[in-house]
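Please look over the chain shown here before reading the briefing that follows. The notes are grouped by topic.

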Amino acid sequence: MNMQNSGDSRFVSRETTERLKAYEALVRKWQNSINLVAPSTLDDLWERHIEDSLQLFALSPEPKIWADLGSGAGFPGLVTAVCLAEAGDGWVHLIESNNKKAAFLRTAISETGARASVHPERIEKALVGLPRPAAISARALASLDDLFGYVAPLAANDPALECWFHKGFGYRDEVRIARGNWQFDLIEHGSRVMDGSVILQVRQLEKIGVGKS
């Protein structure tokens with residue numbers, strides 16, 4: 001297990017920054033009618049949510065096909081998709097079963113030019129119908145063990161699949177529990193936004209006791 005510090009996330013161009021500011025304004029506007037983020041974090045929206053999400057693109061900037069699980073307000077998936085807009089390549093499939101949040105995501109895509117599409121379905125169903133992603137992301141969605149359960153069918157057929165999961169202070173306990181059920185390679189990227197938080201980079205995921213298909 002390796003621990004690495006992610007690079008400075010404030011690296012994007014002026015054009016991308018303007019897109020992200022438009023996205024931030026939309027979050028604030030829609031927050032009045034939909035609980036997109038915790039109200040206690042609204043005053044610190046840029047650093048707490050956008051900068052935190054940008055760290056993922058700093059770690060994995062190559063254009064690719066992403067599946068973002070439980071996208072909610074779009075962190076980190078829509079932020080990644082906004083960054084991909086300037087590259088003109090790559091795509092993010094935003095999976096969000098809540099219809100109101102899905103509607104917000106569609107509006108945000110339209111107004112920012114983000115390279116993304118919205119799938120208003122449960123994760124298990126959506127992943128079956130998507131083009132095979134090269135990477136999976138999720139933030140503040142579920143325990144590591146449960147996240148592995150979602151992506152295991154994809155990982156079983158694609159050893160190169162990468163998973164990127166934002167985790168907070170209790171992530172070590174989640175890793176310990178997951179080790180009881182799964183084999184996986186793990187790199188911990190320390191957050192530069194929130195002390196004690198990490199982005200976990202996972203490869204070679206396999207259920208213990210189940211051979212690869």
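Axes are lines fitted to C-alpha atoms, for helices over the stretch in contact, and angles run from 0 to 180 degrees between N-to-C directions. The helices (H or I, at least four residues) and strands (E, at least two) named below are DSSP runs, numbered from the N terminus. This is a predicted model, in which local features need pLDDT of at least 70 and side-chain atom pairs count only at pLDDT 80 or more, while totals for chains, interfaces and linings use all residues. Residues are numbered from 1 along each chain as its sequence is written, and side-chain values use heavy atoms, with hydrogens and water left out.

**Confidence**

- The protein chain has a mean pLDDT (the predictor's confidence in each residue, from 0 to 100) of 92, and 93% of its residues reach 70 or more.
- Across residues 1-9, however, the pLDDT is below 50, although this stretch has 27 contacts (heavy atoms within 4.5 Å) in the model beyond near neighbours in sequence.
- Where pLDDT is low, the predicted coordinates should not be read in detail.

**Packing of α1 against α3**

- The axes of α1 and α3 cross at roughly 145° and come within 9 Å.
- This crossing of α1 and α3 is right-handed, a term that applies if the near helix is turned clockwise from the far one by less than a right angle, left-handed being the anticlockwise case.
- On the α1 side the contact is made by Glu15, Thr16, Arg19, Leu20 and Tyr23, and on the α3 side by Leu78, Val79, Val82, Cys83, Ala85 and Glu86.

**Nonpolar cores**

- A nonpolar core is a set of buried Ala, Val, Leu, Ile, Met, Phe, Trp, Tyr and Cys residues joined through side-chain atoms within 4.5 Å, where buried means under 20% relative accessible area, exposed over 50%, and partly exposed in between (1.4 Å probe, protein chains only).
- The largest nonpolar core has 34 residues, of which Tyr23, Val27, Phe75, Leu78, Leu94 and Phe104 touch the most other members.
- At least two residues of this core come from each of α1 (14-30), α2 (45-59), α3 (77-87), β3 (91-95), α4 (99-112) and β4 (116-119), and α3 gives the most, with six residues.
- Apart from this core lies another, of 29 residues, including Ala67, Cys163, Trp182 and Val202.

**Ser137 in strand β5**

- Ser137 belongs to strand β5 (residues 135-139) and is buried, with a relative accessible area of 2%.
- Its side chain makes a polar contact of 2.6 Å with the side chain of Asp68; a polar contact is a pair of N or O atoms within 3.5 Å, of which, within protein, one must be able to donate a hydrogen and the other to accept it, and residues adjacent in sequence count only if both atoms are side-chain atoms.
- Residues up to four places away in sequence aside, Ser137 touches Leu56, Trp66, Ala67, Asp68, Leu69, Pro76, Trp164 and Phe165.
- Although Ser137 and Gly77 are 60 residues apart along the chain, their C-alpha atoms are separated by 7.0 Å.

**Two residues of strand β7**

- His189, in strand β7 (residues 182-190), is buried, with a relative accessible area of 4%, and a polar contact of 2.7 Å joins its side chain to that of Gln201.
- Gln183 also lies in strand β7 but is partly exposed, with a relative accessible area of 47%.
- Beyond its neighbours within four places in sequence, Gln183 is in contact with Gln204, Leu205, Glu206 and Ile208.
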